[in-house]
Amino acid sequence: MCGIVGYIGKNPALPILVSALKRLEYRGYDSFGFFALDDSSHFLLKKVGKISEWEKRLLEINFGGNIGIAHTRWATTGKVDERNAHPHYDCKEEIFLVHNGIIENYQQLREELVREGHQFKSDTDTEIFCHLIEKYFQGNLEEAVREALEKVQGNYAIATISKRDPNKIVLARLGAPLLIGVSDGEYFIASDPAAMVSYTRRVITLDDNEIAVITPQKHFILKEKPIENIDWEIKEAQKKGFSHFMLKEIFEEPEVIREAVRGRMDIEKGLAVLGGLDQASERLDKINNIVITGCGTARYAGMVGEYMFEEYAEIPTKVEVASEFRYRKPLLNERTVLLAISQSGETADTLEAIREAKRKGALALGLVNRVGSSIARETDAGVYNRAGLEVGVAATKSFVSQLTILALLTVSLGRKKDMSLVIGKRILEELNRLPSLASRVLEQADYIKRLAQKYSKHKNFIYLGRKYNYPIALEGALKLKEIAWKVHAEGICGGEIKHGPIALVDESFPVICIVPSDSVYEKMRNAIEEVRSRNAKILAIATEGNQEIKELVDDIIYIPKTLEMLTPILSVIPLHLFAAYLGLELGLDIDKPRNLAKSVTVE
Ligand code: AGP
């Protein structure tokens, strides 16, 4: 999922594009490119790698053009090289364009255009746009863009400039986020408000199938659009003394728990107060089943929610892989809630699952971190994480926040059914204690760093957990795969390992066991005995005071005691740290792991 930025206004565009694009680098960092235009010439630069490696040289370039577009790429179609870096352009080098998304019928369009004499310089789907616009250009850029879009299938956010119809940028969106930043005599364009929040807080969010025309003086969109205000600070996108955003965000996990529950608990009445669900409360009273969906880490949060909802709210719940959801035949009805979980709020697979569920009459709720994102706009109601900006590509604090809000949702839904005031109150009281318990886990950071260094020589890892901590085993393994991508890891249900994967286990294959003192402790201890008898190196996450387990394992990280349903919020913290430190030990960029991007806006 690429990042797009643009600028048109009274100032030189290039320096603004450089600093804005840097803020979107977490959306993809395979290659980048800049295009700027002045009255007589243009500036074009496309390079493989990260902007940060070129920033200084770019800021020394003296090009005064006040209009420009730029792009940071997460490769989808066409391999990572300069030819495939954006911006792309037409045969006459008059139309320049940047794109985030995928054109699904690009091969067929390419063959048609080649037959008509167009010469392609890249292997990308994106370059199709440039030649289609060139084909339909009769002097007015937005007209040509409109005609070109009629031919294209897929999803896109595009920004384009033409030398023959200069002094304007034309934008269009279908399925990928795109915003316009409004300021005095200048406009900013970006895939994400983070790129322009230091220049303006007034933004217009483009909706699907909208085309916008921006000139220095004014903007024109088919239908009138409200200007919204961004209410978060840029300081959130700084490392605050940490070497990496991921580490900073892990150390913010106690604070995001506090933020997630702030003003949302009436402990005396044992009630959770989630104002964002008010507009759906009538339908919520009638629901009889819940489908949770999301991708990657968000889905794992949903799996913990599934255990919570069934055990404490007694509502039949299942978790669906968002990217599979609409290609199956999900049996939903108007008494079904689809709960979509997403940090970015822009994940295309999850968005499509929401649209499918709504088509089938389900109530669509969102659990989203990014305010004003597409999922927040398309769901019927929802809850914001309030976890602040998460820059590290690996989801960490957002996951802890998702688990905390799922616990609040459990009380909210449970108290509408048979959950007693006493149980509700108990869960909320424990949620209130969690931030300080989480801080206690982080106090072991140096010890966990030493463990990561000790285990960094191994190439394969198994993570084991049961019940509430089975999804945490999956999350722990995902974090290690993402962050320390030179090693492989697999999360397995503690009860499943004996049905095959244990064949892998020997002294070279560490097993990380999440074994808090909960209702499945004995069963997890059996799993530990099974891998121990195959000489596995065992690192356990266990509850403080459990001396017995110490005899069975090589290393142990203790977490404070809390309610079984809330243990995942504590047990995941050492696993986030372990992955971060092991990635650093292997000399990897833990904020921008290879081949990844923060929000996946293509299917
Ligand atoms: C997690 O570290 C990954 N970045 C990825 O699995 C992520 O959880 C997934 O892409 C879903 O993203 P979302 O929460 O923004 O929808």
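**View 1. Helices α16 and α18 pack with their axes within 9 Å.** The axes of α16 (residues 470-483) and α18 (residues 567-585) come within 9 Å and cross at roughly 15°; axes here are lines fitted to C-alpha atoms, for helices over the stretch in contact, with angles running from 0 to 180 degrees between N-to-C directions. That angle makes α16 roughly parallel to α18 (under 35 degrees counts as roughly parallel). Helices are DSSP runs of H or I with at least four residues, strands are E runs of at least two, and both are numbered from the N terminus. From α16, residues including Ile472, Lys479 and Leu480 meet α18 residues, among them Pro568, Leu575 and Phe578 (contact: heavy atoms within 4.5 Å).

This is a predicted model, where local features need pLDDT of at least 70, side-chain atom pairs count only at pLDDT 80 or more, and totals for chains, interfaces and linings use all residues. Residues are numbered from 1 along each chain as its sequence is written, and side-chain values use heavy atoms, leaving out hydrogens and water.

**View 2. Phe578 sits in the largest nonpolar core.** This core has 94 residues, and Phe578 is listed with Leu339, Leu431, Phe461, Tyr463 and Leu480 as having the most contacts inside it. A nonpolar core is a set of buried Ala, Val, Leu, Ile, Met, Phe, Trp, Tyr and Cys residues joined through side-chain atoms within 4.5 Å. Leaving out residues up to four places away in sequence, Phe578 touches Ile448, Leu451, Ala452, Tyr455, Phe461, Tyr463, Leu480, Ile512 and Leu539.

**View 3. Thr543 is tucked into strand β25.** The strand spans residues 538-543, and Thr543 is buried at a relative accessible area of 5% (buried is under 20%, exposed over 50%, partly exposed in between, with a 1.4 Å probe and protein chains only). Beyond four places in sequence, Thr543's contacts include Val515, Pro516, Tyr558 and Lys561.

View 4. Val319 lies in β18 (residues 317-321). Val319 and Gly302 are 17 residues apart in sequence but 6.5 Å apart in space, C-alpha to C-alpha. Setting aside neighbours within four places, Val319 also contacts Ile292, Arg299, Met303 and Glu306.

View 5. A cis peptide bond, omega about 0°, joins His86 and Pro87, with Pro87 in the loop between β4 and β5. Glu314 has a positive phi of about 50°, sits between α9 and β18, and counts as exposed at 52%.

Definitions and conventions
Angles under 35 degrees count as roughly parallel, over 145 as roughly antiparallel, 65 to 115 as roughly perpendicular and the rest as oblique.
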